[in-house]
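Morning, everyone. I have one structure for you today. Please look at the sequence and the fold together.

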Amino acid sequence: MRPGDIVIVRTGHLRRFTVEKNRQKLNSIPMPGLSHLCAEWRYDKSVAAVAADNLAVEVILPEIKASDMPHPLHMLCLRDMGCPLGEMFELEELSADCAADGRYSFMLAAPALALTGAFGSPVNPIVLK
């Protein structure tokens, strides 16, 4: 890891819908992802952004969803550190390609739409290896 890197997390969660065609499993809880405890590591490593193949990047558990702060990683990364989160990235082909050639580093470009006053937008990620 180097400062400014983007961390990509493949949980396999989006595959439930894209491959298995199971909408109920896609929206089910618990949902895999990163714990809020990863925020300190992200800060220490100066990670520029985090993207994952699930609905929220972070883990969603029944007790977290019912709490006063249902998305603690969002609060720590977005609000407190200004670290963008990329949700629902399709990572199956990329993970297969990385496994095939043993190369897990690449350039990722995923610019947001230029929308005045917006706080999020869809992206069209492009990877160069």
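Predicted model: local features only at pLDDT ≥ 70, side-chain atom pairs only at ≥ 80, totals over all residues.

Cores to begin with. In soluble globular proteins, nonpolar side chains tend to be buried together. Here the largest nonpolar core has twelve residues. Among them are V7, V9, L34, V47, V50, L73 and L85. Which elements give two or more residues to this core? They are β1 (6–9), β2 (49–52) and α5 (72–81).

Take V7 as an example. Leaving out residues up to four places away in sequence, V7 touches M1, W41, V47, A49, V50 and A51. Another core, of six residues, lies apart from the largest one. That six-residue core includes A51, F89, L91 and C98.

Now the charges. How many salt bridges does the structure hold? Five. R15 pairs with E92, with the closest N and O atoms 3.5 Å apart. R15 sits in helix α1 and E92 in helix α6, so this pair ties together parts 77 residues apart in sequence. Buried or exposed? E92 is buried, at 15% relative accessible area. R15 is partly exposed, at 34%.

Next, D101 and K129. Their closest N and O atoms are 3.0 Å apart. D101 is in helix α6, while K129 is in the segment after β5 (126–128). That link spans 28 residues. D101 counts as partly exposed at 41%, and K129 does too at 35%. Back to R15: shared partners join R10, R15 and E92 into one salt-bridge network.

Last pair: D80 and R79, at 2.7 Å, N to O. R79 is exposed, at 54%. D80 is partly exposed, at 44%.

How values were computed:
Residues numbered from 1 in each chain as written. Heavy atoms only, no water. Core = buried A, V, L, I, M, F, W, Y, C linked by side-chain atoms within 4.5 Å. Buried < 20%, exposed > 50% of the residue type's maximum accessible area, 1.4 Å probe, protein only. Helix = DSSP H or I, 4+ residues; strand = E, 2+ residues; numbered from the N terminus. Contact = heavy atoms within 4.5 Å. Salt bridge = Lys/Arg side-chain N within 4 Å of Asp/Glu carboxyl O.
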